[in-house]
Amino acid sequence: MIKPNIRIEECASQVWDVIIVGAGPAGGLAAVLLARKKLRVLLVDRQAFPRPKVCGCCLNGNAIATLKETGLHHLLTENQAILLNEMCLGSKKINHTFPLQRQMVISRECLDSSLIQEAMREGAFFLDTTLAELGQLTTSSREVFLKQGELQFLSTAKIVVAADGLGGRLLVRKNITTHLASNNTRIGAGVTVFDPPDFYKTGTLFMTSGNGGYVGLVRLEDGRLDLAAAFDPLAIKKHGGMGPLAKALLKEMEWPLPLDLEIAPWRGTPALTGHIEQVATERLFVIGDAAGYIEPFTGEGMAWAFTGANFVAPLIAKGVGCWEPELAKQWISKYKSHIINRQGVCKAAAFLLRWPLLVKLALMGLKAFPFLSKPVVAMLDKPNKAATSI
Ligand SMILES: Cc1cc2nc3c(=O)[nH]c(=O)nc-3n(C[C@H](O)[C@H](O)[C@H](O)COP(=O)(O)OP(=O)(O)OC[C@H]3O[C@@H](n4cnc5c(N)ncnc54)[C@H](O)[C@@H]3O)c2cc1C
């Protein structure tokens, strides 16, 4: 367990430089970077860590580059993150395996907890099992309500960072912005299983797409098999649950079924594709999935979360010294140029995946011309420009 280094009662008696809501990859990295700038940082999460998270657990080249740039690559090596050598993509009984070079796998229990520990080492305070809600905006700060069981305290910060993830509605609940979900969006689903079939070998990402969704399978550093999927809600209903739908997709490919797949404790997510209208306003910045997310086929969510944290940190540091409305405008513009503009491939993939026959044709194309996968993989792995350039 990750032990918090502050009690909720102690959080109320001080004005924080920054309160970060959500200790996933976005909030965790932001806490590390801001604590390094000697700011008084409070990182709050409603859950206790390590906690499971529906995720494919694959870090692409872009995500790894940000960890290197911020001096955190050791978190991967120390925790025995696995190098991914290849991806086996299947649909309608056809599969094609192509090489990967820069991707790694690490369980979310391990990655998120390591980031929190690193943030605490750098001087940040971490409070778990605490729900945060926005309070009033004052002339020099923002109020944040912290709720832990029966306890509730009001805390204040010069800047608040909303890193509250896919279902996070910190700003929406205060009517600061609205959340727009795309039509027919799929939902995420995931589970980890012990003692998986040997077929799912370490270092290979298996991915199959069929009617009703797609599912990715990958071995984690501790030998468990991580299954992460995007499913049509109607298909879940039709098959009688997430487990049975995953089973149907794997059976279609004739891939071996992990034991008890149907009755395993699958977790779901809210609608996958959507965004909020405004990613920054006075003394408030939004990063990670809370800002916007697209179906996860290309496995880039954590790269976007890290980029967001890395690029917003210098703006937050300036805002703590002296708030200027220009800082919010700068984040809105950086978010568009460095994150929204990178989401095009992911949007195209999400569209293609609605049509299993198109996927099959694409796979046949890849089989005939294997070199075609290279530019796409290279594009997804390409690092964002260094944060220092802003
Ligand atoms: C099926 C699936 C597969 C995926 N596969 C991949 C992949 O292979 N590679 C990849 O890079 N990405 C993948 N992703 C995306 C990735 O999981 C997310 O992009 C990433 O977790 C975003 O990080 P975050 O920090 O923004 O949010 P999160 O990791 O969701 O963290 C948000 C945190 O905020 C906390 N929180 C929320 N509200 C509050 C509140 N009011 N008060 C306090 N705490 C709060 C939550 O408890 C949570 O811990 C996948 C996603 C799905 C659904």
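Predicted model: local features only at pLDDT ≥ 70, side-chain atom pairs only at ≥ 80, totals over all residues.
## Helix pairs

Two packed helices are described by the angle between their axes and the distance between the axes. The table gives these values for the two pairs.

| Helix pair | Angle | Distance between axes |
|---|---|---|
| α9 and α10 (residues 325–338) | about 165° | 10 Å |
| α2 and α5 (residues 108–121) | about 20° | 8 Å |

In the pair of α9 and α10, the angle is about 165°. Helices α9 and α10 are therefore roughly antiparallel to each other. The crossing in which α9 passes α10 is right-handed. On the side of α9, the contact involves T307, F311, V312, L315, K318 and G319, and these meet L327, Q330, W331, K334 and H338 of α10. Sorted by class, the contact of α9 with α10 contains 5 nonpolar, 4 polar and 2 charged residues.

The pair of α2 and α5 has an angle of about 20°. Helices α2 and α5 are therefore roughly parallel to each other. Their crossing is left-handed. From α2, the residues P25, G28, L29, A31, V32 and A35 take part in the contact, while α5 contributes L111, D112, L115, I116, E118 and A119. The contact of α2 with α5 is made up of 9 nonpolar residues, 1 polar residue and 2 charged residues.

Strands of a sheet pair through backbone hydrogen bonds, either parallel or antiparallel. In this model, 7 strands form an open sheet with mixed pairing, in the order β6-β5-β14-β15-β16-β13-β17. Which strands stand at the edges of this sheet? They are β6 (94–99) and β17 (267–271); each has a single partner strand, so one side of each is left without a neighbour in the sheet. On average, and with direction ignored, neighbouring strands of the sheet are turned by 15° against each other.

Helix α8 (residues 242–253) touches β5 (86–91), β6, β13, β14 (204–210), β15 (213–219), β16 and β17, and the direction of α8 makes about 100° with that of β14. Helix α12 (residues 356–368) touches β5, β6 and β14, and the direction of α12 makes about 50° with that of β6.

## The sheet of 3 strands

A further open sheet has 3 strands in the order β12-β18-β21, and its pairing is antiparallel. Its edge strands, β12 (179–181) and β21 (292–293), each pair on one side only. Strand β18 (residues 274–276) runs antiparallel to β21, to which 2 bridges join it. In this pairing, the bridge partner of G274 is Y293 in β21.

## Strand β11 and its partners

Strand β11 (residues 151–162) pairs with strand β1 (residues 15–21) in the parallel sense over 6 bridges. One of the residues involved is V18, whose bridge partner in β11 is I159.

With strand β10 (residues 142–148), β11 pairs in the antiparallel sense over 7 bridges. Here K147 stands opposite Q152 in β11. The hairpin of β10 and β11 has 2 residues between the strands, and G149 takes a positive phi near 60° in this hairpin.

Strand β20 (residues 284–286) also pairs with β11, in the parallel sense and over 3 bridges. In this case A162 has V286 in β20 as its bridge partner.

Notes. Residues numbered from 1 in each chain as written. Pairing = 2+ DSSP bridges. Helix = DSSP H or I, 4+ residues; strand = E, 2+ residues; numbered from the N terminus. Axes fitted to C-alpha atoms, helices over the stretch in contact; angles between N-to-C directions. Contact = placed C-beta atoms within 7 Å. Parallel < 35°, antiparallel > 145°, perpendicular 65-115°, else oblique. Left-handed = near helix turned anticlockwise from the far one by under 90°. Nonpolar A, V, L, I, M, F, W, Y, C, P; charged D, E, K, R; others polar.
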